[in-house]
Amino acid sequence: MNLTNDLPIPFRGDPSKRRSWPLSIATLLTYLFLYLPLVVVILYSFSSTKVNKWPIKGFSLRWYEELFHDSDIWDAIRLSVFVGLVAAAIAVVLGTLTAYALDRYRFRAKAAVRFAIGLPIVLPGIVTGVAMLSFFSLMAFPLSKWTIIIGHATFCTVLVVNNVAARLSQLPRSLDEASLDLGATPVQTFRRITFPLVRPAIVAGAILSFTLSFDEIIVTFFLTGRDKTLPLLIWGRLRMGISPEINATATIIILTSLALVLLAAAILRRSGQRIF
Amino acid sequence: MVASAPQLAEFESHPAPTQRPRGILALLAAPITWMVVFYLIPLLILLAHAFWSVDYLTIDRTFTLENIKTVFTNSLYPTVLIRTFLMATAVTLTSIVIAFPISWFLAKKADRNKELLLILVIFPLWSSYLVRAFAWKTILGTNGILNSVLQWSGLTHEPVSWFLYSKTGMFITFCHVWLPFMILPLYTILDRLPNALLEASDDLGGGSWATFRRVVLPLSLPGIVAGSLAVFSLTMGDYITPSLIGGSPGTELIGGIVADQFGVANNWPLGAALILPILVILMAFVLIANQFGALGRDEG
């Protein structure tokens, strides 16, 4: 506004390349804030005492031993893996179909379709959870692991859509056109040309969906019958009071999630795409 | 909201070989059916519950405004709604302030390790939310790390008891668990911000502050609004953190009350009515976000 007051000054170099210590320190502190809780849980999982007290009084593997012999936890892990795999499979099918339609066709309702698919992650999980609960109850549909799967697949679909749509938008349309010009049917073109090219994005979307499903609690809480997924089991035990075994379970969850996220990132990277 | 068949059938004519109306219906039939049956219809059923009532264990489906009246006249619910709204607002504003430096660093300063640094930002999103909320319980407790450090440094002599089971504790936990949702859209938009604009402002004598306020901030608004929508929405509906970290009288948030109505209190119609104000506030936010272009372009 008051340009006349700000006298032009000589060129000071590219402003974005200037080093700034306050900025670096703020960034470092933010990473510490993001990771402190994870590190704390991992450290306490090796504590030899029952109380989560600081400083840790001595290290042991006893909580991992107890965890290993805890059949409830193994049942919960088995259920969570099953739910995650089926939900991810459904999300992959629905998400790939949607992404393909959004990328390859022009239609007026495109914004509406995108909005509807994304709504389950715009609205809080509790809304999704109680809405589905009232629906299943009204339909007299008993709650079971299948209702959990339906809930998870619904909010995982948008993840696959985003991943696959990003990949599709990178692919030159001429590949499809060449295939169609050479006489291939649209289905053949998809199977032989498009699908192999978007496969990395589909696989990454599947892994991320599985990870999200494996960790989910807010929606799951309302959709479960008597089955307990791993987060539900932990939640139940936390409400009883902190059991030190929880730290060991949490550590395993953290490390499993980390491995899966790195795997998804590596798959995307090989195809020249990025995870974000 | 729902894409109906006649809408889908209207296409802009386009010469590409894939522009076939039958194709689009075949592709979208399954996803749209799924979303309508398992998401949009359930949402409508939930809304309907708000106008029904509960009779012991069964639901009486005669229209009533009793629940809506209760939500606004009961001595507890309006206070809780306002508290939740203020908490969500405070968490959102704080997240913007925390997210800006790290997003700027990732977008403009990080070179070699950029991809790793970005994965480090998104990883917490994929590690259990429950685990991260629970971790704060062990950090904020009277025997926790925070109190140990404070006592060790001589800043306090007695453990501070109001870190845990308090609004302060919930505020810290919310800021932590939702932070990546703010960093990601902010980073994305800052990454696209042309350096030439910064140089131009710099050459014209705009100092760092003037450049930030007049160039960077206005241009990053879509990212800020998108991140705010996510953080605000997640805080408005959460019931895990209030139960783990709050849990004392005067710390209840609306998510916990709704969860109770669908659980132990078993009053689904009241729970559905309590969700209405959340939905109205969020829908208003979505409309505002759309104005800022925070929800992506609407093509086609």
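Reader: Which residue just after H5(A) takes a positive phi?

Author: This is a predicted model, and every value here is computed from it. H5(A) covers residues 125-138 of chain A. Just after H5(A), a positive phi of about 55° is taken by Ala140(A).

Reader: What span does H5(A) reach from its first C-alpha to its last?

Author: H5(A) has 14 residues. At 1.5 Å a residue, 20 Å is expected. The helix comes close to that value, reaching 20 Å.

Reader: How many residues of H5(A) are buried?

Author: The buried residues include Gly125(A), Ile126(A), Val127(A) and Thr128(A). Leu133(A), Ser134(A), Phe135(A) and Phe136(A) are also among them. H5(A) is largely enclosed by the rest of the structure, because the buried residues number 12 of the 14.

Reader: Is Ala165(A) buried or exposed?

Author: Ala165(A) lies in helix H6 of chain A, residues 145-170. Not counting residues up to four places away in sequence, it touches Ala99(A), Leu102(A) and Asp103(A). A residue is buried if 20 or more other C-beta atoms lie within 10 Å of its own. Ala165(A) has 20, so it is buried.

Reader: How far apart in space are Ala165(A) and Pro186(A), C-alpha to C-alpha?

Author: In sequence, Ala165(A) and Pro186(A) are 21 residues apart. In space, C-alpha to C-alpha, the distance is 18 Å.

Reader: How far apart do the C-alpha centres of domain 1 and domain 2 of chain A lie?

Author: Domain 1 of chain A is made of 33-69 + 243-276, and domain 2 is 75-232. Their C-alpha centres lie apart by 27 Å.

Reader: How many residues of domain 1 of chain A are in contact with domain 2 of chain A?

Author: On the domain 2 side, 12 residues take part. The domain 1 side divides into eight nonpolar, three polar and one charged. The number of domain 1 residues in contact is 12.

Reader: Let us turn to the other chain. How many helices and strands are there in chain B?

Author: Chain B has 300 residues, of which 45% count as buried. Its C-alpha trace spans about 75 × 65 × 30 Å along its principal axes. The elements of chain B are 14 helices and two strands.

Reader: Which helix gives the most to the side of chain B that touches chain A?

Author: In all, 91 residues of chain B are in contact with 88 residues of chain A. The chain B side divides into 59 nonpolar, 21 polar and 11 charged. With 17 residues, the helix that gives the most is H2, residues 21-49 of chain B.

Reader: At what angle do the axes of H11(B) and H14(B) cross?

Author: The two axes come within 10 Å. Angles over 145 degrees count as roughly antiparallel, and H11(B) is roughly antiparallel to H14(B). Their crossing angle is roughly 175°.

Reader: How many charged residues has the contact of H11(B) with H14(B)?

Author: From H11(B), the residues include Val225(B), Leu229(B) and Phe232(B). From H14(B), they include Ile278(B), Leu282(B) and Phe285(B). By class there are 11 nonpolar and two polar residues, and the charged count is no residues.

Reader: How many residues of H11(B) are buried?

Author: The end C-alpha atoms of H11(B) are 24 Å apart, which agrees with the 24 Å its 17 residues should span. H11(B) is largely enclosed by the rest of the structure, because its buried residues number 15 of the 17.

Reader: Is Pro269(B) buried or exposed?

Author: Pro269(B) has its place in helix H14 of chain B. Beyond its neighbours within four places in sequence, its contacts include His49(B), Trp52(B), Ile59(B) and Asn67(B). There are 24 C-beta neighbours inside 10 Å, so Pro269(B) counts as buried.

Reader: Where is Asn266(B) found?

Author: Asn266(B) has a positive phi of about 50° although it is not a glycine. It is partly exposed, with 13 other C-beta atoms within 10 Å. Its place is the loop between helix H13 (254-262) and helix H14 (268-291) of chain B.

Key: Residues are numbered from 1 along each chain as its sequence is written. Chains are lettered from A and ligands numbered from 1 in the order in which they are written. This is a predicted model: local features need pLDDT of at least 70, side-chain atom pairs count only at pLDDT 80 or more; totals for chains, interfaces and linings use all residues. Helices (H or I, at least four residues) and strands (E, at least two) are DSSP runs, numbered from the N terminus. Axes are lines fitted to C-alpha atoms, for helices over the stretch in contact, and angles run from 0 to 180 degrees between N-to-C directions. Angles under 35 degrees count as roughly parallel, over 145 as roughly antiparallel, 65 to 115 as roughly perpendicular and the rest as oblique. Two residues are in contact if their C-beta atoms, placed from the backbone, lie within 7 Å. Ala, Val, Leu, Ile, Met, Phe, Trp, Tyr, Cys and Pro count as nonpolar, Asp, Glu, Lys and Arg as charged, and the others, Gly among them, as polar. The expected span of a helix is 1.5 Å times one less than its number of residues. Domain bounds come from an automatic or database domain assignment.
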